[in-house]
Amino acid sequence: MRWRLAARARVGAFFGAFAGALALGVPALARAAPDAVHGEQVYARCLACHALAYDRVGPRHCGLLGRRAGSVAGFNYSAAMKKSRITWNDKTLDRFLTKPLNMVPGTAMTYDGVADPKDRADLIAYLKHANDSPECAKRLH
Ligand code: HEC
C-alpha cells in the first residue's frame with residue numbers, strides 16, 4: 001500500500017516538527033497532535049460495515065468531511081440520519097462517534113461508539129487523510 005507509506009512519511013514529518021516544538025517547550029501542542037497512522041488501526045473497527053470507496057452495510061467514507069449526513073446517493077439511510085441536518089466535520093464526527101445513538105436517535109448504525117477521545121481524534125485524522133488515497137481519488141475521475 002503505497003499510500004499508507006506516504007501517510008506515514010507525512011505523519012513522520014509532522015512529528016518531527018513537533019519534536020522541535022517540544023524542544024522549545026510546547027508540550028501541550030504535542031499532546032493534541034492527532035496520529036492518522038494510529039487512526040487507520042482504529043478504522044479497522046469500522047471495516048465490519050464500512051469501506052472508503054463503496055457502500056456496504058454503512059455508506060462509503062470517501063468525501064465524508066464536509067458532506068451532509070445522509071447524502072450518499074443510492075444508500076438506504078435511516079429516516080433519522082436523513083433528517084439529522086448534520087454536516088460532517090471534526091466536531092460533529094467527534095460527537096457522533098462517541099455514541100452514535102445519542103447524537104442521532106434512531107440511526108441504523110448499531111455501533112456503540114469509540115469511547116477514547118484520542119482514538120476518535122486519530123480516527124478523524126485518518127478519515128481526512130483517506131480522502132487523498134488512490135481509493136478515494138479513483139471515484140472522482
Ligand atoms: C455495525 C455496522 C457499523 C459499524 C461497525 C460502523 N458503522 Fe458507521 N454506519 C453504519 C450504518 C448502517 C450507517 C447508516 C446510518 C443511518 O442511516 O442511520 C452508518 C453511518 C455512518 C456515518 C454517517 C455517514 C453519512 O453518509 O452520513 C458515519 C460518519 C459513520 N457511519 C462512521 C463510522 C465509523 C468512523 C465507524 C468506526 C468507528 C463506524 N461508522 C462503524 C454501520 C456501521
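Q: OK, in what order do the elements of the chain run from the N terminus on?
A: Going from the N terminus, they run α-α-α-α-α-α-α-α. Keep in mind that this is a predicted model.

Q: And how many helices and strands does the secondary structure come to?
A: Eight helices and zero strands.

Q: What share of the chain's residues is buried?
A: Of the 141 residues in the chain, 22% are buried.

Q: What about contacts between residues that are at least 6 apart in sequence, how many of those join residues at least 24 apart?
A: That comes to 53% of them.

Q: Let's look at some helix pairs. How do α3 and α7 pack?
A: Helix α3 covers residues 36-43, and it packs with α7 at an angle of about 100 degrees. Their axes are 7 Å apart.

Q: Why is that called roughly perpendicular?
A: Angles of 65 to 115 degrees count as roughly perpendicular, and the angle here is about 100 degrees, so α3 and α7 get that label.

Q: Which residues make the contact?
A: From α3 you have A36, H38, G39, E40, V42 and Y43. From α7 there are D119, D122, L123, A125, Y126 and H129. By class, the contact of α3 with α7 divides into six nonpolar, three polar and three charged residues.

Q: Two of those I'd like to zoom in on. Is Y126 buried or exposed?
A: Y126 is buried, because 24 other C-beta atoms lie within 10 Å, and 20 or more is the cut-off for buried. Y126 lies in helix α7.

Q: What is Y126 in contact with, leaving aside its neighbours within four places in sequence?
A: A36, G39, E40 and Y43. There's also H38: the C-alpha atoms of Y126 and H38 are separated by 8.0 Å, though the two residues are 88 apart along the chain.

Q: And A125, where is that one?
A: A125 is in helix α7 as well. A125 counts as buried because it has 23 C-beta neighbours inside 10 Å.

Q: Which residues does A125 touch, not counting those up to four places away in sequence?
A: P34, D35, A36 and G39.

Q: Is the crossing of α5 and α7 left-handed or right-handed?
A: Right-handed. The contact uses D90, L93, D94, L97 and T98 of α5, together with R120, L123 and I124 of α7. By class, that is four nonpolar, one polar and three charged residues.

Q: One more from α7. What's up with A130?
A: A130 lies in helix α7 and is buried, with 23 other C-beta atoms within 10 Å. Apart from neighbours within four places in sequence, A130 is in contact with L52, H61 and C136.

Q: Switching to loops, where is R85 found?
A: R85 is in the loop between α4 (79-82) and α5. R85 has a positive phi of about 60 degrees although it isn't a glycine. R85 counts as exposed because it has 8 C-beta neighbours inside 10 Å.

Q: And G106, where does that sit?
A: G106 is in the loop between α6 (100-103) and α7. G106 counts as exposed, with 11 C-beta neighbours inside 10 Å. Not counting residues up to four places away in sequence, G106 touches S78 and A80. The C-alpha atoms of G106 and M81 are separated by 7.9 Å.

Q: Last topic: which residues come nearest to the ligand?
A: Of the 25 residues around the ligand, C46, C49, G58, S78 and M81 come nearest. The shell divides into 18 nonpolar, six polar and one charged.

Terms used. Residues numbered from 1 in each chain as written. Predicted model: local features only at pLDDT ≥ 70, side-chain atom pairs only at ≥ 80, totals over all residues. Near = placed C-beta within 6 Å. Nonpolar A, V, L, I, M, F, W, Y, C, P; charged D, E, K, R; others polar. Left-handed = near helix turned anticlockwise from the far one by under 90°. Helix = DSSP H or I, 4+ residues; strand = E, 2+ residues; numbered from the N terminus. Contact = placed C-beta atoms within 7 Å. Buried ≥ 20, exposed ≤ 12 C-beta atoms within 10 Å, placed from the backbone. Axes fitted to C-alpha atoms, helices over the stretch in contact; angles between N-to-C directions. Parallel < 35°, antiparallel > 145°, perpendicular 65-115°, else oblique.
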